[in-house]
Amino acid sequence: MKVTPDALRGVTVFVGGPIQHALVPGGMAAPVHDFLRLTIDQSRQAGATVLSAHVAERFGADTASFTPEEVSVRDYAWMRECDVFVPVLPVLDGTLLRTDGTHIELGWASALGRPIVGITDQPFAESASHLLKGLAQVAAATFLSAKEIAKDPALLVDGVLAALGRTRAAA
């Protein structure tokens, strides 16, 4: 399904996901990097402004040049600025990849009332916490299947629009 270039025009999307625990010698683990890149690219192609530590830190290549204070202040400011938070929560070998920062950002998004459109395996991996699995009970959170997004990235745009109470105009 093709998405029009202006489907998310005027929308600011904060894409979150693992960095520290996704790094391997030579950079970021390929499946994590590739799915984050897909999410960022699809959002941009639909006209969204994308905020992403992955881009700012060149997918881990520059992470060491940022202090914890800089990252915390930057990411919190981005959460306050964004219209929707899109956390990518990869599952590798059946286990949710550790991503402490993303879980903190999920808390910020919930507390600030930002809609959350998470991307992960559905149903949730067994290793996902009760708080993650139950987040939609206390926050405007929906979770999309990573496998379905991989097949049809336009589903991400539909999910963001739905979270914002909008629908995509027919092409």
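**Pockets and salt bridges in a predicted model**

Good morning. By class, 11 nonpolar residues, one polar residue and two charged residues make up the lining of the second largest pocket. Please bear in mind that the model is predicted.

This second largest pocket has a volume of about 200 Å³. It is lined by 14 residues, and Phe35, Pro90, Val91, Asp121 and Ala146 are the closest to its centre. Helix H1 (30–45), strand S6 (91–92), strand S8 (116–120) and helix H6 (146–151) each give two or more residues to that lining.

I turn now to the largest pocket, with a volume of about 540 Å³. Its lining holds 27 residues, and Ile19, Gln20, Val71, Asp75 and Gly101 lie nearest the centre. Two or more residues come from each of strand S1 (12–16), helix H2 (53–56), helix H3 (68–81) and helix H4 (100–112). The largest share, six residues, belongs to H4. By class, this lining divides into 11 nonpolar, 10 polar and six charged residues.

What is the distance between the closest N and O atoms of Arg74 and Glu57? In this salt bridge, they are 2.7 Å apart. Arg74 lies in helix H3 and Glu57 in the loop between H2 and H3, so the pair ties together parts 17 residues apart in sequence. Arg74 forms a salt bridge with Asp75 as well, at 2.7 Å from N to O.

Shared partners join Glu57, Arg74 and Asp75 into one salt-bridge network.

Terms used:
Residues numbered from 1 in each chain as written. Predicted model: local features only at pLDDT ≥ 70, side-chain atom pairs only at ≥ 80, totals over all residues. Heavy atoms only, no water. 1 Å grid on protein atoms, 1.4 Å probe; cavity = no way out; pocket = protein on both sides within 12 Å on 5 of 7 lines; lining within 4 Å. Points joined across faces, edges and corners; volume = space filled by probe spheres on them. Helix = DSSP H or I, 4+ residues; strand = E, 2+ residues; numbered from the N terminus. Nonpolar A, V, L, I, M, F, W, Y, C, P; charged D, E, K, R; others polar. Salt bridge = Lys/Arg side-chain N within 4 Å of Asp/Glu carboxyl O.
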